[in-house]
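Student: I have just opened this one and have never looked at it before. Could you walk me through it while I ask whatever comes to mind?

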Amino acid sequence: MTDHLRAEETNSEQQTAAPAPSRQPIGFIRQVELVDRVKAYDPDADEDLLNKAYVYAMKAHGGQTRASGDPYFSHPLAVAAILTSLRADPATVATALLHDVVEDTDATVDDIRKLFGDEIARLVDGVTKLSQIELRSEASKQAENFRKLVMAMADDVRVLLVKLADRLHNMRTLHYIEKPEKRQRIARETMDIYAPLAGRIGVQRFREELEDISYRELSPEAHATISSRLEDLQKTTLSSVLELANVLRDKLAAAGLKAQVTSREKRPYSIWRKMTQKNVSFDELADIYAFRVLVDKPEDCYAALGVIHSNWRMIPTEFDDYISAPKPNNYRSIHTAVIGPPSPDGRRQRIEIQIRTYEMHETAERGVAAHWQYKDASVGAGESTVEIVTRGQYDPYETPRRLVEMFQSGEDPDEALQYAKLELFQDQVFCFTPKGRVIALPKGATPLDFAYGVHTDVGDSCIGAKINGVQRPLRTALNNGDVVEILRSDHAPVPAEWESIAVMGKTRSAIRRRIKKMQHEDHVALGRSIAESVFTGAHLEFSLKGVREALKRLGKDSVEDVLVAIGKGDLPVANLVEAVYPGASVESDSEIRAASLQAFRPRMAIAGLTPGAPVKMARCCTPLPGERIVGIRQNDGSIKVHTIYCETLAEEDPPQERWIDLKWRDREEAATAFTRITTTVMNGVGVLSEIAGIIARYGVSIANIRLQNRSREFIDFIMDVEVKDARQLTQMLAGLRASPHVINAERTGAGDHDEL
């Protein structure tokens, strides 16, 4: 029966490759034949379930037809047949038969549940929801579609298997779709999402065929060229390849090894991808024709490898041992390539050989499905009829789980999709913790990726790494076999360049989450500090209860939202004072005027003022106690106070008769003033809190703050600060400039910027 199934698959692939579409329903098999296929690998399969699903789906779809003109029922039947080649459990085969009835007929999920039970109803519902998303999808919605697919398959990977089989049959009949742009969209989506997912759960046969059909649609000329080269090569080398297979069998038998040797030809897309990755020509590829050696035990794999390398010269760059270091989808095999005997035209043939046990081959062919074990009749109600069996550290849900974690973290779907593509497409490197744990990473991954690959907490506390005992930069690309030790700290920073260092989508997502969390905490702490400072200066009590009672007036949902808005500069503190203490903003000794930079009574602090004349502090230079000052009488009779060195005053050059000699009183305890400073810092998490801490150490209060000119590297903090005199300001600015994160800190006139 197994040979018969393989013949069926071969016929189906040949039909797909034919230029003229067949008019026979693709994959149409009789009811009894489908049941026999399942019974061949699961003698205890529920025949009644399969027969009932077959008949129900056939009647439900009735006279519906596909774009090819075939009866619509031929499609779910073909999907079920494809899944029998993976030895799918009866529930999955029944789901394949029923997967379109809810979408395309009057049947409901409740109808399926009543007739077939909760398990199949849940699987059918999962596949149906994905199909409904697909029908409505446009290119711009691909990210959201992928998110739904990932979330559905995380609950039960069989949903993904049915979906992959559904997509495979649709791709085999893609040529019936008339609109080229629709064929291109479907092919691109298949290449970007479905083929890599098939590879990640180990169903390599699905991946190869999905990729090849997509490639033929997306690049028809290139596909035709490579196909033509393959046909020519087959005419000239096929006999020598078969001869070499016989020689290989004889060599292994002479060494006492019982082995099965088969040969295969790569598909056009696989050839194109390898030519592109290795930057080689068609003639330089080592594995257009490849041999597969199957043996009984793992130790026989290494014995066979010794025989092969003893008889033919190996190509060192083509050797990989995936038995000692399996791939994340539990693929295990030894890959090697050798220089074989000369071909009829005199050229030495480069031949790839894969060596594995029969059990490893089963996993390589069927992926996650190879680890299903069927339970007996004692299965409890509501339990799945399938259990996933893990071997060693293998987890068939590893990639789905990582992708689910990425989408559940609140990432933007489009960005998460890009990260997920990186996760799916990258080749692997295998590195080790100092204790010998294997961590599989994408090729090009860094120690930072390794840290997050071990655990999110390890990544969050990472401050450096040692590779093979030597401390190296976190941007260093890791190689197979590297032993990586992560250096950790409870107060690890998050430099701005970390996101660009990361290769894994999981790492970038985790870094972004951590940055957002730390920035949020910074803004809360800074907002509270600013609010407490202003309330204290106004002789008002600051309490969280008071802020909570003012939430409605402020239009905020929580106290934390208020503090964040103040910390980010989105909410002026004066608005908070007014909301908590209505009427507190009227003129009084506790008046709050941060925006106008007049939070003190200048007449009390300055000697030489004209009695009765209103006094204004010049915003261009914001005079501070201790500085030399001068008064300029305005047309309205008021007096504007400038510093003697004010550039704006020099440009205006008022007549001498309007000048008034002023000076600060020697010891005026009540005198404080607001001025504006601009601090340019290196962009990074925690810098805002550091700046606020430095300012607080000098006894200076922050009244308002705004972030300006923000870039990936730098950011400007524009702050109104309350100081006693120029000396205190000078000391505080010196303290800021001493920080390694501060590029520059200087006093700026309030008139140089918009109102905070």
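**A salt bridge and its surroundings**

Tutor: Let me begin with one pair, keeping in mind that this is a predicted model: Arg267 forms a salt bridge with Asp212, and their closest N and O atoms are 4.0 Å apart.

Student: Is Asp212 buried or exposed?

Tutor: Asp212 is buried, with a relative accessible area of 8%.

Student: What else is going on in H12?

Tutor: Helix H12 covers residues 204–218 and holds both Arg207 and Glu211, which are four residues apart, or about one turn of the helix. Arg207 forms a salt bridge with Glu211, with 2.8 Å between the closest N and O atoms, and both of these residues are buried.

Student: How many salt bridges are there in the whole structure?

Tutor: A search of the whole structure gives 16 salt bridges. Another of them joins Arg37 to Glu33, where the closest N and O atoms are 3.7 Å apart.

Student: And how far apart are Arg37 and Glu33 along their helix?

Tutor: They are four residues apart in helix H2 (residues 31–41), which means that about one helical turn separates them. Arg37 itself counts as buried, at 5% relative accessibility.

Student: Why does a spacing of four matter in a helix?

Tutor: An α-helix has 3.6 residues a turn, so residues three or four places apart point the same way.

Student: Okay, new topic: how many disulfides does the search find?

Tutor: The search of the whole structure finds zero disulfides. Cys646, for instance, is in no disulfide, and the nearest cysteine sulfur, which belongs to Cys620, is 3.5 Å away.

Student: Is Cys646 buried or exposed?

Tutor: Cys646 is buried, with a relative accessible area of 6%; Cys301 also counts as buried, at 0% relative accessibility.

Student: Let's go to the helices. What does H3 look like?

Tutor: Helix H3 runs over residues 47–61, which makes 15 residues, and it reaches 21 Å from its first C-alpha to its last, close to the 21 Å expected at 1.5 Å a residue. Its buried residues are Leu49, Leu50, Ala53, Tyr54, Ala57 and His61. These cover an arc of only 130 degrees around the axis, which puts them on the same side of H3.

Student: Which exposed residues are on the face turned away from the buried side?

Tutor: That face of H3 carries the exposed residues Asp48 and Lys59.

Student: And what happens at the start of H3 and just after it?

Tutor: At the start of H3, a side-chain oxygen of Asp46 comes to within 3.1 Å of the backbone nitrogen of Asp48. Just after H3, Gly62 takes a positive phi of about 45 degrees.

Student: What about H30, how does its span work out?

Tutor: Helix H30 (residues 726–737) has 12 residues, which should span 16 Å at 1.5 Å a residue, and its end C-alpha atoms are 17 Å apart, which agrees. At the start of H30, a side-chain oxygen of Asp725 reaches to within 3.2 Å of the backbone nitrogen of Arg727.

Student: Which residues of H30 are buried, and what covers them?

Tutor: The buried residues of H30 include Leu729, Met732, Leu733 and Leu736. Among the elements that cover the buried residues of H30 are strand E20 (673–682), helix H29 (687–697), strand E22 (714–723) and strand E23 (742–748).

Student: I also clicked on Thr507. What does it touch?

Tutor: Leaving aside residues up to four places away in sequence, Thr507 touches Leu448, Asp449, Tyr452 and Ala502. With Asp449 there is a polar contact of 2.8 Å between the side chains. Thr507 is found in helix H22 (residues 505–537) and counts as buried, at 0% relative accessibility.

Student: Last one: how many helices and strands are there?

Tutor: The protein has 30 helices and 23 strands, and of its 756 residues, 51% count as buried.

Technical notes
Residues numbered from 1 in each chain as written. Predicted model: local features only at pLDDT ≥ 70, side-chain atom pairs only at ≥ 80, totals over all residues. Heavy atoms only, no water. Helix = DSSP H or I, 4+ residues; strand = E, 2+ residues; numbered from the N terminus. Expected span 1.5 Å × (residues − 1). Buried < 20%, exposed > 50% of the residue type's maximum accessible area, 1.4 Å probe, protein only. Arc of directions from axis to C-beta. Polar contact = N/O pair within 3.5 Å; in protein donor to acceptor, adjacent residues only side chain to side chain. Disulfide = S-S within 2.5 Å. Salt bridge = Lys/Arg side-chain N within 4 Å of Asp/Glu carboxyl O. Contact = heavy atoms within 4.5 Å.
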